[in-house]
Amino acid sequence: TTNIRISYIIKQIGKKRLTMNKKWILFIIPAIIFITPFLIVEISAYITENEPNHWSDPKHLRQKALEAGFKPNPKSFEELLKIVDNPKNPLTKEKIALGKKLFFDPILSKDNSINCAFCHILEEGGDDNRPTAIGYHNQANPFHLNSPTVLNAALQKFQFWDARVKTVEEQAAGPITAPFEMAMTKEEVVNRLEKKDTYKKLFKEVFGEDKITFDMVTNAIGAYERTLLTRGRFDRFLEGDLDALSKEEQKGLELFIDMGCKACHMGRSIGGLIIQKFPVKSYSNIYLQFGFKNGKYVFEKIVFDSNTSDSPFPFENIGNFLGKDKSLRFKVPMLRNIARTSPYFHNGVVKDLKEVIKIMAKYQRGINLNEEQTKQLKAFLQALNGELVRYKY
């Protein structure tokens, strides 16, 4: 608001609607720019000191979380179908079972050495816990990209870091045919499977056709991946178990909402629904930095944040991947099970979750978190861990 007002005054002076001596103008404008931040500090400090600590009670916080758009993952297969079923690839129990068999079968890789689960370890958060994906003949991803989790991926509207496809069925085709991952062609996949009597029988039972196609393969794998949802204490809290989250975790949840993190990390999946620029705050810039106290943004200081490296990110730019259309826009990651999917960011450079929290607060929200707030947010993110739901199909 202050910046807008200063711009307005300058415009009015330019239009000669404010009449004053040019010498006074040269004095007053810098004075306003210099004094305003200190006035904000004093006003913010007064508000903060005279406002009681207002953490919500659990009942109110639960309602606040529901109003923010968070939803629990389903418990039953019937509830699951209502949420993740794909009209273009209707889920059946037989198709899901076939997809599961393919997901764990190394027959889909060039040298029969790796499978989908090689990079998406279901017991380890649905990723591989490596900085970058490793594929055929130990090749690393050429852009040093970190493997996103497959858990809850079907809840997303976009897949891959650059959000280039929208469904898990489309996503399944990528790693199979990438030369640095499973290194197969669509034709090789079909030829191999058709030589296996077991697969010929299963595909005919599921799809009703005598021949196998590559789309059938990805549809089956996608069907299985649509069942890979997790549930944990956060789901129980949303359902009404007010003791499911500790006090510190509840404080972290409220901070998460009040700071505006939920504007990008939204919905049942807590992310994966939009594409966002990163970093939002220019890494070579002068900006007003705010703290966050008692539900209020509090001005702290003017930051001269000069990037002395060649990286457009607040960390090393290994791989030189710049997101969708090289515009620094990325699929917003899901935060379910985030504590289990280190290292972080698209190139896996940052290992510590607390460091990630500070980076995101600073460069996406312009907020300088103190140690207590960082701990509270970390506690909440850890509460998003969940166990794979064993849906009965």
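**Largest pocket.** I looked up the largest pocket and found about 840 Å³ of space in it. A pocket here is an open set of points on a 1 Å grid over the protein atoms alone, where a 1.4 Å probe fits, with protein on both sides within 12 Å along at least five of seven lines. The volume is the space filled by probe spheres set on the points, and grid points are joined across faces, edges and corners. I noted 42 lining residues, with His 265, Val 332, Pro 333, Leu 335 and Met 360 closest to the centre; a lining residue has an atom within 4 Å of a point. The elements that give two or more residues to this lining are β2 (275-277), β5 (329-331), α13 (353-365) and α14 (371-382). Helices (H or I, at least four residues) and strands (E, at least two) are DSSP runs numbered from the N terminus. I found that α13 gives the most, seven residues. I sorted the lining into 26 nonpolar, eleven polar and five charged residues. Nonpolar covers Ala, Val, Leu, Ile, Met, Phe, Trp, Tyr, Cys and Pro, charged covers Asp, Glu, Lys and Arg, and the others, Gly among them, are polar.

The model is predicted: local features need pLDDT of at least 70, side-chain atom pairs count only at pLDDT 80 or more, and totals for chains, interfaces and linings use all residues. Residues are numbered from 1 along each chain as its sequence is written, and side-chain values use heavy atoms, with hydrogens and water left out.

**Second largest pocket.** I found about 610 Å³ of space in the second largest pocket. Its lining has 37 residues, and Pro 148, Phe 160, Gln 171, Pro 175 and Glu 181 lie nearest the centre. The largest share of this lining, six residues, comes from α7.

**Helix pair.** How do α5 and α10 pack? I read an angle of about 100 degrees, with the axes 7 Å apart. Axes are lines fitted to C-alpha atoms, for helices over the stretch in contact, and angles run from 0 to 180 degrees between N-to-C directions. The two helices, α5 and α10, are therefore roughly perpendicular, a label for 65 to 115 degrees. The contact (heavy atoms within 4.5 Å) includes Leu 98 of α5 and Tyr 224 of α10.

**Confidence.** I looked up pLDDT, the predictor's confidence in each residue from 0 to 100. The chain mean is 88, and 84% of residues reach 70 or more. Over residues 44-53 pLDDT stays under 50.

Note on methods: Angles under 35 degrees count as roughly parallel, over 145 as roughly antiparallel, 65 to 115 as roughly perpendicular and the rest as oblique.
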